[in-house]
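Hi,

Here's the model I said I'd pass along.

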Amino acid sequence: MNKIAIIGFGAAGYCAAAAARKCDPDALIDVYTDDGRGPYNPMLATYYVKGAIDYEAMFPFGSLDEIEERLNLCIYRNSAVTGLDGETKTIFLSDGTKAAYDNILISTGAAAFVPPIQGGDLPGVFKMRTAEDGVYLKKLLDSGKIRSGLVVGASWVGIKVVEDLVEHGIPCTLVDGADWAFSIAAFRQTAQRIHRDLEQKGIKLAFGQMLSHIEQEKDGRITAVMKNGCRFTADAIAICIGVRPNAAFLKDSGVAVNRGVLVDERMSTNLPGIYAAGDCCEAFEIQSGERKNIGLWFNARKQGEVAGANMAGRRKAFGGNALLNLAHYLDYDFISIGDVASCRDEDQVYEYEDDRYYIRAVRGEKLKCLNMIGTGESNGVVKSLFIKCFENNQAEMDMTSICHLKGSGFPDSFIDFIGRDQH
Amino acid sequence: MKHVFTFDPDRCCACSSCMIACTDQNDIDLKAGEKCFRKTYDTEVAFKEGGIYCAYLSTACMHCEDAPCIAACPVGCISKDSDTGFTIYDNTNCIGCKSCAMACPFGAPRYNGADGKMVKCDGCYIRVKHGMKPACVRACSFGALDCIMEEEYRNSGSDKACNVLIDQANLRKKEALRRWR
Ligand SMILES: Cc1cc2nc3c(=O)[nH]c(=O)nc-3n(C[C@H](O)[C@H](O)[C@H](O)COP(=O)(O)OP(=O)(O)OC[C@H]3O[C@@H](n4cnc5c(N)ncnc54)[C@H](O)[C@@H]3O)c2cc1C
Ligand code: SF4
Ligand code: SF4
Ligand code: SF4
């Protein structure tokens with residue numbers, strides 16, 4: 001009988017368990033989770049704070065009890081795996097328990113990174129990743145005691161905390177160490193529009209601000225002190241400066257880890273029988289052909305499915321990632337596709353702006369990066385064209401997509417730019 | 001009883017009867033800014049090489065077999081109807097995040113102005129379960145749009161299922177180009 005262990009039970013872990021069970025009704029599937037609740041979606045925490053969904057809706061797959069029965073699993077609750085021996089495929093728990101398996105999935109996700117700074121643990125300083133983080137912020141905001149907020153980190157997580165503050169009518173300031181918001185995905189020109197639109201909504205912005213430490217004020221408020229000496233005082237401070245894959249427990253395991261656990265198309269690590277999926281791994285990225293850590297809900301689910309099927313003896317491959325970011329906040333949407341850092345001065349640039357859309361795209365021989373604001377409903381059409389182009393520069397642009405884009409108000413010049421020399 | 005939508009671009013003249021039927025069937029309030037799930041196109045596409053191609057199309061959700069929108073939705077609004085195989089949804093918990101639109105290669109999901117929640121073509125699955133044709137199919141007088149059982153589709157030897165629509169349109173474009181050259 002195939003003995004499978006799943007370490008970490010978020011989207012990736014759940015989808016792996018479901019896929020493995022579907023492929024092999026007899027497999028023994030043990031799940032180790034450091035949590036006592038069902039798998040949840042970290043991206044929903046800020047929507048819970050905002051009141052858009054109930055607490056239960058953060059758990060789209062149901063409770064642990066329901067899942068355990070539905071998929072016939074054995075779930076070890078509040079049981080963090082503390083070590084792994086890759087050679088013997090044995091896992092270790094902190095209480096000394098150890099168990100050996102035929103197949104192991106590492107699906108431990110990622111954690112919000114809070115640097116070990118002075119004042120990082122003061123009351124009112126918080127991060128945003130887990131369901132508890134959401135519960136903490138909701139209580140804080142509902143208490144009515146917060147009259148001002150500061151968010152450190154102008155990226156996908158930080159902007160959602162800003163949205164929560166704005167929705168609660170709390171004035172807030174957003175700061176970042178980079179020179180503009182979403183700096184790892186946005187062109188400077190895109191960010192200028194994003195800044196203007198945020199400021200119009202009353203949000204104060206400051207860039208080039210590297211956090212040094214946090215101080216307690218006499219009046220109870222807290223102050224974030226920057227390395228350049230600037231001080232930002234507020235009742236609550238969110239630190240949203242990045243995430244780190246949860247892979248520290250793999251030290252000495254023999255599993256190859258860069259930032260995340262390195263995997264191939266089948267989500268297999270360097271060691272046979274050991275797989276990884278979701279936010280903790282680095283899978284192939286199609287534009288660069290290198291392995292990258294891309295933390296997206298869709299990827300976590302699909303990678304989990306692939307890993308689960310392979311652990312159950314099937315051969316399945318994950319189609320590959322593209323750098324892709326969608327920020328949806330305050331009735332605004334900004335999408336970036338491709339690698340902004342790969343763009344060079346000599347590349348061709350396309351820019352378009354009207355009262356609905358802002359588009360900026362760059363191409364060398366192939367398309368490199370695209371930023372769009374306000375194009376929400378058409379993002380998938382453009383994304384799939386872009387990915388086709390990464391995979392095959394000669395790919396045909398299909399008539400349905402052309403009609404969709406024309407019908408949605410995209411200018412012909414844009415269609416020409418992305419479908420260069422094709423129609 | 002899996003069903004397949006078929007579309008024959010040679011028969012479509014973009015008359016939009018299907019859109020009107022869809023609007024009616026789904027009580028879509030166009031005045032309030034709601035959008036029809038189906039969309040027709042009467043679009044002229046100019047080729048670089050010269051010549052113009054007139055595309056007549058009617059598109060809505062393609063009810064993809066391995067529908068990427070399902071895994072993309074963070075709250076699990078979207079699923080497959082086990083009877084018809086159509087991609088259906090329950091938007092009670094929809095947060096309007098547009099992740100489904102980013103996953104959909106066809107631009108099928110729509111967002112309601114009022115609450116920002118996602119709506120889309122559900123294949124009129126309730127009609128189909130009761131032995132009726134989808135509203136848009138019923139309204140098409142030219143036989144361009146149809147919805148048939150998978151088995152019937154396979155036996156017909158047709159290649160006009162909506163999920164191969166894209167290749168269809170491309171083939172036609174190539175043919176058109178050849179004629180011009
Ligand atoms: C605020 C926010 C906004 C986001 N917005 C988006 C968005 O708009 N679009 C999008 O696609 N994605 C978004 N994401 C990312 C998305 O939520 C993740 O990519 C996805 O949920 C990752 O799933 P996972 O299963 O890999 O990891 P996780 O959900 O992190 O699950 C991993 C689980 O493993 C557990 N674990 C860790 N270590 C151990 C151990 N040693 N032993 C046992 N258990 C362990 C963890 O506690 C956790 O429960 C957002 C994330 C956040 C935080
Ligand atoms: S099947 Fe029904 S919902 Fe879909 S386009 Fe036709 S009428 Fe509209
Ligand atoms: S919404 Fe898009 S991705 Fe989903 S089934 Fe319909 S066409 Fe396919
Ligand atoms: S917009 Fe609604 S249906 Fe679409 S992915 Fe987001 S929550 Fe799901």
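A quick convention before the details: helices (H or I, at least four residues) and strands (E, at least two) are DSSP runs, numbered from the N terminus. By that numbering, Met267(A) sits in the loop between strand 18 (261–262) and strand 19 (274–276) of chain A. Its phi is near 70 degrees, a positive value in a residue other than glycine. Asn72(A) also has a positive phi without being glycine, near 55 degrees, and belongs to the loop between helix 3 (64–70) and strand 3 (74–76) of chain A.

Housekeeping: this is a predicted model, where local features need pLDDT of at least 70 and side-chain atom pairs count only at pLDDT 80 or more, while totals for chains, interfaces and linings use all residues. Residues are numbered from 1 along each chain as its sequence is written, chains are lettered from A and ligands numbered from 1 in the order in which they are written, and side-chain values use heavy atoms, with hydrogens and water left out.

**Domains of chain A**

Chain A splits into domain 1 (3–111 + 244–311), domain 2 (125–241) and domain 3 (331–418), with bounds from an automatic or database domain assignment. The C-alpha centres of domains 1 and 2 of chain A are 31 Å apart. Contact (heavy atoms within 4.5 Å) links 14 residues of domain 1 of chain A with 16 residues of domain 2 of chain A. Between them these two domains bury about 1400 Å², 60% of it on carbon and sulfur atoms; buried area is the accessible area (1.4 Å probe) that two parts lose on being put together, summed over both. Thr46(A), Val49(A) and Lys50(A) supply 42% of what domain 1 of chain A buries against domain 2 of chain A, more than any other three residues.

**Ligand shells in chain B**

Here a residue is near a molecule if one of its heavy atoms lies within 4 Å of it. For the classes, Ala, Val, Leu, Ile, Met, Phe, Trp, Tyr, Cys and Pro count as nonpolar, Asp, Glu, Lys and Arg as charged, and the others, Gly among them, as polar.

- Ligand 2: the residues around it include Cys22(B), Cys121(B), Cys124(B) and Cys136(B), and the shell has 9 nonpolar, 2 polar and 1 charged residues.
- Ligand 3: among its surrounding residues are Cys61(B), Cys64(B), Cys69(B) and Cys104(B); the shell divides into 9 nonpolar, 2 polar and 1 charged.
- Ligand 4: of 13 residues around it, Cys73(B), Cys94(B), Cys97(B), Lys98(B) and Cys100(B) come nearest. By class, the shell has 10 nonpolar, 2 polar and 1 charged.

Cheers
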